[in-house]
Every structure is written in C-alpha cells, then in structure tokens.
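Subject: Structure handover

Hello,

Here is the structure I promised to pass on. My notes follow below it.

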Amino acid sequence: MSSEVTVSQAFIKFFTSLKLTVVLLVLSMLLVFIATIAQVQLGIHGVLDRYFRTFFVMAFVGENRIPLPWFPGGYLIGGFLLINLIASHLYRFKITWKKAGIQLTHFGLIVLLVGELVTGILQEEFALTFNEGETKSYSEAFRDNEVVIIDTTDADEDVVTAIPESVIADGDPIQHGALPFRVLIHGYYANADLTMRNSLPADSTPPGMAPNIANQGIGPRIAVFPKRYSYDDNDRNLPVAILELVGTEGSIGTWLVSPMLPMPQTFEYAGRSFRIGMRFTREYKPFAMKLIELKHDVYPGSQIPKNFSSRVHVTALDGSEDREALIYMNHPLRYQGYTFYQFQMDSANGMSRLQVVRNPGYMMPYIATILMTLGLLLQFGIHLVKFTQRRTA
C-alpha cells in the first residue's frame, strides 16, 4: 500500500513540476522552429500532419523507409502541457483572489490546448467547385480520393460503392457486400502523370514508365509515369490504380483508374451495368447550393484584384431553408455547421471555388483569447490596486 502511495506521489510530483513545464515549453519552441524550416519542403498541411498532429516526428531510414521517432510531436508535447497545467492547479496552486487573474489565464490556455486537439481531430476541409447556374449538393476533398463502382442498372437510381484511396493503397483484396465481384489491386501510385501510348516512340519503354496490365476501357492506351508525392499546398497529387475485378467465373477485366480520367469506364456483369473510376472524395450535404452570379472586381484603371464574390442560392433538402447569400473575401457564409469561404475563381469561364470547412471547435480559440485577455487584465488590475494602496498608506 505504501509503495502505491509512493508511486502515485511520484507521478504527482512529476506532472506538477515547474521543470517539466520549462522543458515542454523549450521542446515546443524547438518543434515550431524545426517545423518552420520543414515547411519549405512540406507545405502547411504536410507540416501539420508530420510535426504537430502526431505524437512523434518520424524519420524514415533506409531503402525500406523504416519509420523511427526522433522528436516528440505536437500531440505529445501539448498533451503533457495540458496534464501539467491541470495537475498543477489541482495539487499545487490554491484558489485565491490574489491569483484570480493567473488562474483565469491558465484556464484560457487549457481551452486553447483542448481547442487545438478538437480542431486537429475533427476539422474537415473540402472544396465546392461550380459554374454559374450549376447546383451541387456535395463538396470534394482537397487531397483524398476514392474509387467508385456505380451500379447503373436501375434507370432511376444509382448505387454507389466508394472505396477510400487509403484502402486501395493497402493493396489487400477487397470484397464489398454491394458488389458481385472482388477487387484486386495490381498497382497503386500516389502521384503520377499519364500519357497516351501513341504519343511515345513505338516499341519503346521510356525510363520511369510503370507496368500497366490494364486490358479494359482506356487503360491499355495509357502509359503511367509515377511521380514523387508532393506536399506543396499548390500542387494536387493525382493517384493511379490498376484494378482487376474477379467474379465467380474468373477475371472480368483489369481497369486503370485515376482522377485524371474524367470519362467514366463502363462494363456489364451478371446482367447488370456498372461504371468504374476514381474521383476526389465527395461529401454529400443535406442542402443544395446554386451559383447565381460571380464577380471579379478590380481597382479602376488596373488589373489588380479588389474583390471576389459569389452570389449563391441555398436550398435545404427538407425545405427548412431557401434563401440567397453573398460570399466574398473575409465574409464567409456559415450554415449548418459549415463555413464557406471564397477560395478561387475563374471569371473568364464562370467558375467559382469555395472552401468548405467544418470545425466543431472553431469558437474555442476566440473563447481562450478572451479568457486569457481578461485574466491578464484582472491580474494587472489587482497588482495596480495593491501598488496604489501601498503608495497612499
């Protein structure tokens, strides 16, 4: 019993230690410094994933790229800071009026740490791209893709089976209950270029060209050239997969799929009609949005952009909402937990792209900032009153 008490006391002493706070703050600064340098190569999203929204920063060693942790990640440092702060208030600090400002500031810091955790886990970002007059009820992921096999047998309704790119990347055979066949993965490239074979020298295999055993659709006419995965925020990785469908009687065929192939590839099996392809991952919403008008304003006498705006019509599928809204720079539309920002625009072709963000914890940084500001002002006020009283005594 006494040893259990000793162990628990040791834990309390460790997590309430001021030295631990200092070490964690130093590690935090080093992590920010290292990540800032890495951002040149990885971009913002790459740095967030590899340095901050992870428990360990990993290094990949050797030809087999064996992952080895070499520095604590944001989740580990932030988690220990959170425990350190809460434990210190529970076991070391006393709630007194004299330190009310400090305690309020620390509470704001706790809200800030929890808010970042909520954002890192739950935030989702998509893009909604449409032309003037077009209506959409879904948005598409910026980086994630999915293979879709669509049963189009029923003229009134399509049955869509979506397989995430991460599952394709695993390479394991896929058997889905909605499909009368298995899916075998014979090739997957996270980023690649596609070229028509007839544009290459006859009977040649250019350096870097990957094997392609597709025998159905447009696949046999395409050459695949894998590329390095890009973490640049301005680049879009375009994956390629080579998939064989196998029914009870054997192979149905092998298809090459990629978001670069806009035309659907169709086939028949067991009296049913299917389409197969790969597209940006879609998220369907309980409302539809129509782009009524877009505007690209410039300053008079120049081509310098002044403002981008999209006038949209929002219609809830349950009939509870039917209204217009204007989305422009620094003036997003917030609706049903989503925030729509004006992101990109091609006014010459009548295209507008909105960034769609869902972040359940988006208010927490504001709340944390208010709490910390009030805490600092309160603590300053307390010291100011004490100082004034001493001067007048």
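Start with S139. The side chains of S139 and K285 are joined by a polar contact of 2.4 Å. A polar contact here is a pair of N or O atoms within 3.5 Å; within protein, one must be able to donate a hydrogen and the other to accept it, and residues adjacent in sequence count only if both atoms are side-chain atoms.

Before going on, note that this is a predicted model, in which local features need pLDDT of at least 70, side-chain atom pairs count only at pLDDT 80 or more, and totals for chains, interfaces and linings use all residues. Residues are numbered from 1 along each chain as its sequence is written, and side-chain values use heavy atoms, with hydrogens and water left out.

Back to S139. It sits in strand β4, residues 135–151. Helices (H or I, at least four residues) and strands (E, at least two) are DSSP runs, numbered from the N terminus. S139 is buried, at 1% relative accessible area. Buried means under 20% relative accessible area, exposed over 50%, and partly exposed in between, with a 1.4 Å probe and protein chains only. Not counting residues up to four places away in sequence, S139 touches F126, A127, L128, T281, R282, E283, K285 and V356. Contact means heavy atoms within 4.5 Å.

I292 gives another view of the strands. I292 belongs to strand β13, residues 272–298. Is I292 buried or partly exposed? I292 has a relative accessible area of 34%, so it counts as partly exposed. Its contacts, leaving aside neighbours within four places in sequence, are E132, R311, V312, H313 and E324. D151 is 141 residues away from I292 along the chain, and their C-alpha atoms are separated by 32 Å.

Next, the open sheet. Four strands make it up, in the order β6-β7-β10-β11, with antiparallel pairing. β6 (174–175) and β11 are the edge strands, each pairing on one side only. Two strands pair if DSSP finds at least two bridges between them. The pairings run as follows:

- β6 and β7 are antiparallel over 2 bridges. Q175 stands opposite R182 in β7.
- β7 (residues 182–189) and β10 are antiparallel over 7 bridges. Y189 has V240 in β10 as its bridge partner.
- β10 and β11 (residues 250–257) are antiparallel over 7 bridges. A241 has V257 in β11 as its bridge partner. A hairpin of 2 residues joins β10 to β11.

Look closely at β10 (residues 240–247).

Now the helices. α2 (residues 18–52) has 35 residues, but its end C-alpha atoms are only 23 Å apart, against the 51 Å that a straight helix would reach at 1.5 Å a residue. The expected span is 1.5 Å times one less than the number of residues. Where does α2 bend? The bend is at L42, by about 120°. That angle is taken between axes fitted to the seven residues ending there and the seven starting there. L42 is also among the buried residues of α2, which include L20, L24, L31 and Y51. At the start of α2, a side-chain oxygen of S17 comes within 3.0 Å of the backbone nitrogen of K19.

α6 (364–392) presents another case. Its 29 residues reach 42 Å from first C-alpha to last, close to the 42 Å expected at 1.5 Å a residue. A368, L371, M372, G375, Q379 and I382 are its buried residues. They pack against α4 (100–122).

G361 lies in the loop between β18 (351–358) and α6. G361 counts as buried, at 0% relative accessibility. Leaving aside neighbours within four places in sequence, G361 is in contact with V118 and T119. G361 and I382 are 21 residues apart in sequence, and 32 Å apart from C-alpha to C-alpha.

Last, the record. An unreviewed UniProt entry places the feature "transmembrane region" at residues 20–48, 68–91, 103–122 and 363–385. UniProt positions are given in the numbering used here, feature names are shortened, and annotations may be inferred rather than shown by experiment. In the model, residues 68–91 are 75% helix and 21% strand, with end C-alpha atoms 36 Å apart. Residues 103–122 are 100% helix and 0% strand, with end C-alpha atoms 28 Å apart.

Best regards
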